[in-house]
Amino acid sequence: MATSTAVVWFRRDLRVHDQPTFLSAADAADRSLALFVLDPALLTPSGAARKNFLYGALRELDSALGGKLLVVHGDPADVVPRIAKAVGAATVHIAADYGPYGRERDENVEKALADVDAELVRTGSPYAVAPDRVKNGSGDPFKVFTPFSRAWADHGWRAPADTDASTVTWMDPSDKDGGPRAVKIPDDETCESQLPEPGESAALALWKEFLDGGVDGYRDRRDLPAAQGTSGMSPYLKYGCIHPRTILADTASMKSDGAGTYRTEIAWREFYADVLYQRPDSARENYDKKFDALPNETGPEADEAFAAWQEGRTGFPIVDAGMRQLRAEAWMHNRLRMIVASFLTKDLHLPWWWGARHFMQLLVDGDLASNQHGWQWTAGSGTDASPYFRIFNPITQGERFDPDGDYVRRWVPELAGVKGKAVHQPWKLPDGIPDGYPEPMVDHKAERQESLARYEKVKNAR
Ligand code: FAD
């Protein structure tokens, strides 16, 4: 009997463990071709950090598969059917994508596959509970996080899939007959940030370290950016080097407050994926349309203010430290993401989407759902009940969450000689602001009032 072949098309699931697509491919055919498509539509807008992390994760995946990962370049609707045809595959196995671009791409691929008598088989997703599954009593999606998270936990999820590289017999890609040309995984691009080690092994090692040493204390330490109090799993979750199901299974029996809080953070990720699925327009536009009436600054002065924020020279040490960490590590602590986003939208009155775009350029974990909705949460235009008038004070935020000033001193060398929490208000130092560090670019109290005045327009909008 002839050998049957399937295709396993990797996208945001760059791992071999807990991989349900392997099970469906192994059920469907004797052997599978492992495929990754370098899609210009996704690569072009990604910054060097995300591209390099992706390339590193692909190299590791290729080695886990015994060098049998086929990498091609092009529009998936064009190349995937040509590959299916070249290897005679009747099925192409994927984990479903729920983002706006991914959904459309997969629908196009599905149609094109039908022309070569092949089928797109979706098994699993990057989430423990896929978007659109958790609904309220009336069958509608949740608009607020807390009830969502309760229903999400009640819904539950599958146990991790028991897979490794040997679950599937991998076809040697050089045996394919024609079809798109194989390309090399690209070399790393020049990147000014120091990135975490990419790939599944690094994800599992970091996760184990956090599980053994960090998760129990997570609730107490997660808001202190000077402490290594969070897991650092976000880039690995973004590229599926680990699945949230594994994380949830490993913490399921842990009763500590830290473990409970950690599971809630995983629920936030799933909530935002659900919101984006329900409202794809919220990737670019205000979720709450009333915020269309909010006047934002634009023009040359706004551009200058934006550049000062991007470069970490606002004169507010906690804001500048966060923005400089972003450049140096392509990552920023969650507390800082909120502080710098509040500063951009409520002290500088700039549109949240400017900041969101800058984050997406630089972040190694840049994820459309979490990023755009994290920004909208802070701007006040998002799903949450978070009131617009919650305006973060960059001085008190610094003093509260970086009480000894260690985080600021780490990232702002001009202030390295200032002791303790005095670092949060350098303009009050007896000898004045240290050389090279700027004056505060705005008066926070005045801008807070300005923000509240602008908000009146939103309140009265229909
Ligand atoms: P941990 O505290 O260890 O949390 C564990 C995991 O839970 C994270 O890896 C993440 O997957 C999830 N998580 C935690 N907090 C949130 C949250 N508020 N929303 C959604 N998921 C969460 N997260 C991204 O993954 N990509 C982004 O592009 C992104 N942009 C953001 C932009 C803004 C303005 C804000 C306020 C938040 C953003 N977040 C984003 C959420 C959060 O800041 C990061 O997930 C977190 O800092 C990643 O570090 P960690 O893995 O150590 O987190």
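Helices (H or I, at least four residues) and strands (E, at least two) are DSSP runs, numbered from the N terminus. The unreviewed UniProt entry annotates residues 4-129 as "domain: Photolyase/cryptochrome alpha/beta". I kept in mind that UniProt positions are given in the numbering used here, feature names are shortened, and annotations may be inferred rather than shown by experiment.

A note on the ground rules: this is a predicted model, where local features need pLDDT of at least 70, side-chain atom pairs count only at pLDDT 80 or more, and totals for chains, interfaces and linings use all residues. Residues are numbered from 1 along each chain as its sequence is written.

Next I asked what surrounds the ligand. I found 27 residues (C-beta atom, placed from the backbone, within 6 Å), and the closest are Thr-230, Ser-231, Asn-334, Asn-371 and Gly-374. Helices H9 (234-238), H11 (257-278), H14 (334-347) and H16 (368-379) each give two or more residues to this shell.

Then I checked how H11 and H16 pack: their axes, lines fitted to C-alpha atoms over the stretch in contact, lie 8 Å apart at an angle of about 90° (on a scale from 0 to 180 degrees between N-to-C directions). H11 is therefore roughly perpendicular to H16 (65 to 115 degrees).

Key. Angles under 35 degrees count as roughly parallel, over 145 as roughly antiparallel, 65 to 115 as roughly perpendicular and the rest as oblique.
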